Structure formats: structure tokens, C-alpha cells
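Have a go at each one before you read its solution.

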Amino acid sequence: MTLLGVSTGVLADRTDLTGLLAYDPEVVEFYNYPRSMLAAIERFCARHGIRPALHTPVPYDEPSPLRRFAPTGPDPDEAATALRLTEATVRCAADLGALHVVVHFPSPYPPHPLAGFDSWCRDFLDAACGLAREHGVPVLVENLSAHPLLHTAEHYRDALAGRPELGLCLDVGHAHLLGPEHGPLGYARALGPVVRSMHLYNTTTARYPEHGHEPAHAGQSAADGYLPLAELLPELLDLTGAPAVVLEHRPPAPGDPGPEQISRWIRTLIGHRRPDRPAPDGPALRTPDGPGPRTPDRPDSRTPDSAAARTPDRPDSRTPDSPGPRTPGGPAVRTPGEPARTAPSGPPRPAHT
């Protein structure tokens, strides 16, 4: 079973978590939230039957957006900061019962010196393995497209070999920007089940610098340079069995499809894959009355198949036409007719996604 998720990057007002409910997600990937928001995040997920996932850094309490995340240096202070932020995110994920942690890897910024690069990579990945093992949370490195020494599918396959605590978050847009010979299918074929999640949006080489992560929809054509997601996504899932697909587009702009239309179409594509795929791993969902997150010493915690975890075929799952959350007392869902806010507000948005 593949869960449909959404990143908080889709929100114009990142403090208004109810804006995510229009996507009817099973997973929400939280990115760049301060410590002061963690209790609200936990309540929101428990109330709506949502599995949290975290994208490093969470928590992030600095007043300015994170401009650089450089886990492979070459500046040792930046590498130490990246590892500190990763450790804090993994610890937070364990406390929240998160499905996984995503971390950008390697450092994407020039210059890209060859000297010491292998050591920087090994040190960070070994530390990430230790954190994943200690806290029982899978750590997924996200493929980037900027580093000449580590950006292809084969590069990531070799870097992750022998590290079962780690996986890949396949960012389909980053892979697409590398060109046809290094696109998402190449990653799926090379890494298979090492791909544990996907970041999904659409883009073209020409449009990316100005438009960034565009919402995926059926009207985007390969003839215009977009990913042919109607054919591609089911094939990617058949090759990888990825437990989650996370929508990671910018806040919708005028003329874009609405959240309900976007998520409904992607659910249709997810449903076109073979059913004999593994269920998601990672700590169990936290609920107000249930036990805490799963740890290596707690095998009896709930799993994604338990009553607490919402699945697409449960009769009480929300639909775009439902009146609101299932649990009394929850915040109201923004209705499709309500105008969306377009000016970003709330915690600072990271510069590099």
C-alpha cells in the first residue's frame, strides 16, 4: 500500500495546518517548523489520523530562513551544523512517531572539491545510520541535481549500499532536471526498494528557474517538457514499492487545479500499480489515548495497519465532499469556495528545497 502525503510547502500560510486537509492526506511531511509548533503538529496529526513525516530541519528556531544545508562540507562548521540539525530532526521524529525523516544530501553548493569528499559523505551517512538505528526512524536522503560528484542514480545506489537504515527520497523533479538518461526511471531501476518515499510535483528545464515546483496535473504534456506522470508514476511504484508519495509543490497559484483535484488524480495513478507491495515502515502513529512512538525495544506498538492509521479504503476516511474532520472539536476545513491566501506567512520558508 502506498500512502498519499503532502508537504507543508504547499501552504501559503504555513501555520494554517487545516489547509492541508483539502488534499485528504494519509501523511504530512513537515518542513522547517519551530519548536513552538510541535504540540500543535502532534495534536493535528492525532486528531485527523495522519502520519507525520519530517523534512530536516525540524525543529528550526532561527529567525531567518535556512539558506545553506551542507552535510558534506567542505566547510567543517557547516557540516557540523547540518549534522546537528539532522540529529535534532530524527529525535523529534521519534517523539512524534514519524514515518521517516528526509535530509538533503550531499552539499549542493559550489565549489565542489574532490579532496575529502568521500570522507565527508561517509562520515555523514554513518552518523545518519546511527541515528536511524538508535531512534527507530528511517532516514531518507533526497537526491539533488547540483553536485557533479554525487547526483546520478548510480552515485546514490553506491552511497547507500550496505546501509539498510537509510533509504532514498526520490525527488522526481530533481531527477527530471538531469535529463532523460538520468531521469526518475533510472533511479527507480537502480535503487528499487531503497526508494522509500517520493517527492512529487512537475516541472520543465525551462520553467524551473522561475516557477519551481509546479502542482502536478493531467494537463501537463511531455511534449512541453513535463514529466508524463500518468504513465510514469505507476511504473515508478511498481519498480520501487515506495511506501509514500508526497506532493511537494509550491502554494497553488491562480489557474492551478485545486487541492482536491490534484490529490484525486494522484490517487488514481497510485491505484494503477500492482497490489503486492510492502506496507510503510517506521514508528507507529501517535494518538491521544495510545502508546508512544515505536522504538527498537517496543515491538508491540501499533503499525500502519492498526485501527489508528487511516487508509484509503476505510469507510470513514475523508473525501473532498465530506463536511470536515471526523473527530468532534477539530479545526474547520477550508472549503473549496473559500479564497486561498497567497502571501506567505508563518515560519520562514527555506531557500533551498
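**Exercise 1.** How close do the axes of helix α4 and helix α6 come, and at what angle do they cross?

*Solution.* Before we start, note that this is a predicted model, where local features need pLDDT of at least 70, side-chain atom pairs count only at pLDDT 80 or more, and totals for chains, interfaces and linings use all residues. Residues are numbered from 1 along each chain as its sequence is written, and side-chain values use heavy atoms, with hydrogens and water left out.

Step 1: find α4 at residues 153-160 and α6 at residues 184-191. Helices here are DSSP runs of H or I with at least four residues, strands are runs of E with at least two, and both are numbered from the N terminus.

Step 2: the two axes come within 9 Å and cross at roughly 30°. Axes are lines fitted to C-alpha atoms, for helices over the stretch in contact, and angles run from 0 to 180 degrees between N-to-C directions.

Step 3: α4 and α6 are therefore roughly parallel to each other (angles under 35 degrees count as that).

Step 4: look at who meets whom. Ala153, Tyr156, Arg157 and Leu160 in α4 meet Gly186, Tyr187, Ala190 and Leu191 in α6 (contact means heavy atoms within 4.5 Å).

**Exercise 2.** In what order do the 8 strands close into a barrel?

*Solution.* Step 1: the order is β1-β2-β3-β4-β5-β6-β7-β8, with parallel pairing. Two strands pair if DSSP finds at least two bridges between them.

Step 1: check a pair. β3 (residues 51-55) and β4 (residues 101-104) pair in the parallel sense over 2 bridges, and His55 has Val102 in β4 as its bridge partner.

**Exercise 3.** Which strands does β8 pair with?

*Solution.* Step 1: on one hand, 4 bridges join β8 to β1 (residues 3-7), and the two run parallel. Here Gly5 stands opposite Val246.

Step 1: on the other hand, β7 pairs with β8 in the parallel sense over 4 bridges, with Leu200 and Leu247 as bridge partners.

Step 2: α8 (residues 229-240) lies across β7 (195-200) and β8 (244-247), at about 165° to β7.

**Exercise 4.** Which way do the residues of β8 point, and are they buried or exposed?

*Solution.* Step 1: in a regular strand the side chains alternate between the two faces of the sheet.

Step 1: in β8, Ala244 and Val246 point one way, while Val245 and Leu247 point the other way.

Step 2: all of these are buried (under 20% relative accessible area, with exposed meaning over 50%, using a 1.4 Å probe and protein chains only).

Methods
Angles under 35 degrees count as roughly parallel, over 145 as roughly antiparallel, 65 to 115 as roughly perpendicular and the rest as oblique.
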